[in-house]
Amino acid sequence: MGLLDRYRRIDETLAAGGAQDPPGGEDGTDSVAGAGCADVHRERVERFVERREPIHFVIPAFPAKSPNRSKVLGALPDLGEHLALGFLQSLCDYIGHFYEPGARITICSDGHVFGDVVGVTDGAVTAYRQALAEMIAESGFSSLDLYGLDDAFCTTDYPKLRRLLEENYCAPLAELREKVRTDRTTQALFNGIHRFMFEDAVARRGDQATRSQLRKDSKETAYQTILRSNAWSRVVAEKFPQAVRLSIHPQAPDSEKLGVRLLHTKDGWLTPWHGVVLDDGVNRYLVRRWDAEKVHGSVVWRNGRPSHFVAPHLSVTA
């Protein structure tokens, strides 16, 4: 498991020893304080090693682009997704350098799970996933594959599948509300998602409701998103019981999931599907579209669609 420590995102507020330095070093990785805690993943990794098989990871991620166009460049994957996929491939390559069978990662795309809650159509989710598959193939990311709700249940009747999730895999809303109140990890997750939901609600309905009403509505949206997301996690665990679980969010040291950072960002919660890449000539990092435009960044186009922003002093053809 030592091979994975350099990639881990640990929620240091939950690590042993009390207060820690804030997460996020200058190199874009999080400190691994607390990595010596009991490692719940070691047994799963060792099963693959004993059989001399590629270590299999699963990560629920890459749902669809945010419908808020003040945050993203469009509805399809761009440089942000490409860099994030490249990071996941590099993780597999790194493991393969020390362990000959290597590793593989199944991206459990969750857009169809909660797209209706966050205002993204099933058609937009499908187009996003198809573009991701093309990006993976064209870039030679041979250790990555995609898995979605339709793969899990062999149908594309997404409304029916969401009802199935709610009936068979969702926890009660009251239980989630209590966890948000009492569990710091769940509370941090809720606060991050609520912030995203509020930003999107302001962009879509800002002229139709007060900010207090939008904040209240976005709380309910955040709860529903987490309920569906947790339900999808249970499906993933059921379909891939032996796999090592990854998460795009920081995790407690003894969590059943390993937190990883897909891309460097000044906001620890920002993802490629909620932001854009800004190239400042030294680093490429995620920001919201309005932040890139605020510094007068220029849009770079690739393959007929917008890819990312560059700082004003750089050539837009770079």
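User: What makes a residue count as buried here, and what share of the chain is buried?
Analyst: Buried means under 20% relative accessible area, exposed over 50%, partly exposed in between (1.4 Å probe, protein chains only). Buried residues make up 49% of the 318 residues. This is a predicted model: local features need pLDDT of at least 70, side-chain atom pairs pLDDT 80 or more, while totals for chains, interfaces and linings use all residues. Residues are numbered from 1 along each chain as its sequence is written, and side-chain values use heavy atoms, without hydrogens and water.

User: Why is D200 called buried?
Analyst: Its relative accessible area is 3%. The limit is under 20%, so D200 is buried.

User: What makes the link between D200 and S66 a polar contact?
Analyst: The two side chains come to 3.3 Å. A polar contact is a pair of N or O atoms within 3.5 Å; within protein, one must be able to donate a hydrogen and the other to accept it, and residues adjacent in sequence count only if both atoms are side-chain atoms. The D200–S66 distance therefore meets the cut-off.

User: How do you know that β6 and β9 pair?
Analyst: DSSP must find at least two bridges between two strands. Strands β6 (residues 276-279) and β9 (residues 305-310) have 2 bridges, in the parallel sense, so they pair. L278 stands opposite F309 in β9.

User: Why are β7 and β8 edge strands?
Analyst: The open sheet runs β7-β6-β9-β8, with mixed pairing. β7 and β8 each have a single partner strand, so one side of each lacks a neighbour in the sheet.

Key. Helix = DSSP H or I, 4+ residues; strand = E, 2+ residues; numbered from the N terminus.
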